[in-house]
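Subject: Handover of the two-chain model

Dear colleague,

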Amino acid sequence: MSIIYFLIGCSVTLALIFLGAFFWAQRSGQNDDLYTPSMRILLDDEQFEEEEK
Amino acid sequence: MTENTVISKTTCYHCGDDCVNEQYIIDEKHFCCHGCKSVYEVLSANQLCSYYSYNDHPGATQASTDKRFDYLNEPGIISELIDYTDEHVTTVTFYIPNIHCSSCLWLLEQLNKINQAVHYCRVDFLKKQLNIRFDHHKLSLKQLVELLTNIGYEPLISLQDIIKKQNTPTGDKLVQKIAVAGFCFGNVMLLSFPDYFGLSSYEQTFGHFFGYLNILFTIPVVLYSSRDYFVSAWQNLRNKVLNIDFPLALGIAVLFIRSVTEVLVNHDPGFSDTLCGLVFFLLIGKLVQKKTYYHISFERDYRSFFPVAVHIIDNEVETPVSLSKLETGHRIIIRHNEIIPADAILLKGEAMVDFSFVTGEALPVQKTLGEIIYAGGRQTGEAIEMEVIKPVSQSYLTQLWNNEAFTRQQRDTSQTFNEKISKYFTVVLLIIAFGSLFFWMPTDLKRGLAAFTAVLIVACPCALALSTPFTMAAALSIFDKNQFYLKNTRVVEQMAAIDTIVMDKTGTITTGEGNTVKDNAALTEYEKQLVYSVCVNSIHPLSRMMCRYLGPREKQSVEKYEEVAGQGILATIDNHKVAIGNELLVLGKRSDSRNATKVLILIDDVYCGYFEFAHQYRNGLDKVTTLLKKYKLFLLSGDRDYEQQELLRFFKDPGAMQFDQSPQAKLDFISDLQQNRQKVMMIGDGLNDSGALKQSDIGVAVTDNVNNFTPGSDAILDGRSFNKLPAFLQFSKDAVKVIHISFLISLSYNLFGLSYAVTGKLSPLIAAILMPLSTATIIAFTTFSTHFIAKKRKLL
């Protein structure tokens, strides 16, 4: 049953990585605009190639 | 000239307005005006016509675009507007009110198709902002703005801008705090589950391990996520106020201390799960409460009403000057539709100034040379030259704005239900807690302490703290759907307490389009031409409206012309005697009906009928005035009283209508009402109401376009929803009722928990069940009942 110590260690580390990822996303402004991308995806992308930077 | 223009049902390909004439046709597509057509031409030249395939008529009408952006060449102004610049690129963010559909989004992100100098553009749809990075060597800021204007997306440029304020990050990092709390909550729940089901004796070491881990997870929740509660509670204590943050902070602290001691000393599981859950839900409630409208600004001042720059004439040369640099003695030139930014003397040109926004007067005022024109008026007609006599900061309008009452900070008189109740709640809570401590102390100190802490834990007003934010957030979103935008959640409760409503007239209960002309004269085309030729000579507002109504026609020379002040015009034209004016002039008797302004026409002593100029009232004014039964209703107008009879139909009591009110008089009227302990809602639209809006308990600004400038207020109402006002008021009362009921629900949960707590035998499991259960009940109840009521009031 001691394997539980290891498993919990793994799960907490994984969760910490996700938390860190969320903080990074928040800081880099990825969550600033949550609405526009949902519209952007519906537009045809024929003319979109050079749009991305 | 043919008068029977065929009213065809063709609509403009660009904006969807009706096409009045057949002048603007290109590629078999009809356009209503030159502006719309030229936008199409720009787009088709750049193969961007898919713009029209995403939505029908995606554009906004371009009928009146007469814009000059010379001031955007001034380095001082440029540096104020841009976000960032270096040798190669400049970044700028524009606020573009026109953004409204996916076509807008598509087109604006294709700007580099039209001009290669644009490197990057991104639209933020909800904020209606466009972020552009461009090469300023190839494209100046002015050219960029002109490019945007040419494709129909004119940015709203104002130095006191909402963009910059919004884009500065707020300090409290609420989302991060929620993330931490949620992370810890999840892990603690996972580790606490084994305990809920019971651990066998040989698994006890796991239990201890889980307990220590739980304590570790709780530390960031207490120290980081719930920090605001401790700070707020402490500050309020120092100000000798007991608000709801105090029992919350107390509950969190007690939970933490007791959990730590239980785990470390007794090797019991502790209350870490309850603690993390509590903080997590509380923070979510806080987030819900902080709804903001990105595209609406409630805190605008006169600077955003005025233009960014004005043209001055210096040695016959016109140069744009930033408004803050405008000085006494400058000669300024004001064109059609521009706003006069400072008090000035008229030097040249014919001034017809529309002061409706400043004074509430509906008709444009004519000014003669040498007269002082106050700031805030909008020139209509030809360009005029003026000499500034006072700097912008000292003009009449600005002073009005800076009046003490106008700048008064947020009122603190009104307490929300939550604030009122939490005072008593805290006191009762402390009494019960200490009561149970003293009850057990003589017999069993340990049990006494257990009971004491258990009471504070169980009665922690989590559900109470959540009921207001969730109800109000739901209410706010329902108002929002009905185009009624409230500044914050407090306003809902203030609205429920209202007993008096004061309305402005011009622009508030009348529509922005102004007057409608009712044609009660059976005139032939020839006679119309005669009337037009006479009226065109006069600058009286009514004559102007007649001319506008009769349309541009050929003008015949007038042989004899006499204008009788206050009555009308007598003229001889093409051997016909024409009299145009009021009843006294035309029929020789005093008018008895004063329902509307009438202009009668007499040609060759034959009475031909009259034109009636009536203000158009907003749809549903009759509905709104049924509020008379429950509320005191007043009308304040800056205009003269010629509509009194007509308005009496709505307001019943002539005493409830006050005309010729100056902005200061309106403010005083409101404060008089408040002296009599009445809760006043002021509904207005213009700068002349801004004092009254600030003074009242709730100021509601009515506007036909929420992107337009509105004076500072607590709420902004779209003119189309004006008729829903009674429903809004009723709904706000219902929302407050929902809060009361949810308070009772949370109280009954508390009582149930307390019955365990006072005995000192509160098990962590009961706390862990009770807390989320009460929270879930409250959230579900408030959200569902608010929506149910909204349906009942036909707001959904």
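This is a predicted model: local features need pLDDT of at least 70, side-chain atom pairs count only at pLDDT 80 or more; totals for chains, interfaces and linings use all residues.

Chain B has 796 residues, of which 54% count as buried, and its secondary structure comes to 29 helices and 28 strands. Among the contacts in chain B with a separation of 6 or more, 67% are between residues 24 or more positions apart.

The interface between the chains

Where chain B meets chain A, 34 residues of chain B are in contact with 24 residues of chain A, and the area buried between them is about 2,800 Å², with carbon and sulfur atoms giving 64% of that area. R122(B), F183(B) and F206(B) together supply 19% of the area that chain B buries against chain A, which is more than any other three residues supply.

As for specific interactions, the rule finds three residue pairs in polar contact across this interface, and the count of salt bridges between the two chains is one. The elements of chain B that give two or more residues to the side touching chain A are α4 (102–108), α5 (111–114), β5 (118–124), α8 (174–197) and α9 (204–225). Sorted by class, that side of chain B has 20 nonpolar, nine polar and five charged residues.

Salt bridges

Over all chains the count comes to 17 salt bridges. The one between the chains joins R40(A) and E109(B), with an N to O distance of 2.6 Å; R40(A) lies in helix α2 (residues 36–40) of chain A, while E109(B) lies in the loop between α4 and α5 of chain B.

In one of them, K138(B) and D135(B) have their closest N and O atoms 3.9 Å apart; K138(B) counts as exposed at 62% relative accessibility, whereas D135(B) is buried, its relative accessible area being 12%. In the other, the closest N and O atoms of R720(B) and D718(B) are 2.8 Å apart, and here R720(B) is exposed at 63% relative accessibility, whereas D718(B) is buried with a relative accessible area of 2%.

Strand β24 (residues 632–636) of chain B is largely enclosed by the rest of the structure, because four of its five residues are buried. It runs parallel to strand β17 (residues 500–504) of chain B, to which five bridges join it, and β24(B) also pairs in the parallel sense with strand β25 (residues 657–658) of chain B over two bridges. L636(B) takes part in both pairings, standing opposite D504(B) and having Q658(B) as its bridge partner in β25(B).

Helix α6 (residues 141–150) of chain B is likewise mostly covered, with seven of its ten residues buried, namely L141(B), K142(B), L144(B), V145(B), L147(B), L148(B) and T149(B). Just after α6(B), G152(B) takes a positive phi of about 90°.

With kind regards

Note on methods:
Residues are numbered from 1 along each chain as its sequence is written. Chains are lettered from A and ligands numbered from 1 in the order in which they are written. Side-chain values use heavy atoms; hydrogens and water are left out. Buried means under 20% relative accessible area, exposed over 50%, partly exposed in between (1.4 Å probe, protein chains only). Two strands pair if DSSP finds at least two bridges between them. Contact means heavy atoms within 4.5 Å. Buried area is the accessible area (1.4 Å probe) that two parts lose on being put together, summed over both. A salt bridge is a side-chain nitrogen of Lys or Arg within 4 Å of a carboxyl oxygen of Asp or Glu. A polar contact is a pair of N or O atoms within 3.5 Å; within protein, one must be able to donate a hydrogen and the other to accept it, and residues adjacent in sequence count only if both atoms are side-chain atoms. Ala, Val, Leu, Ile, Met, Phe, Trp, Tyr, Cys and Pro count as nonpolar, Asp, Glu, Lys and Arg as charged, and the others, Gly among them, as polar.
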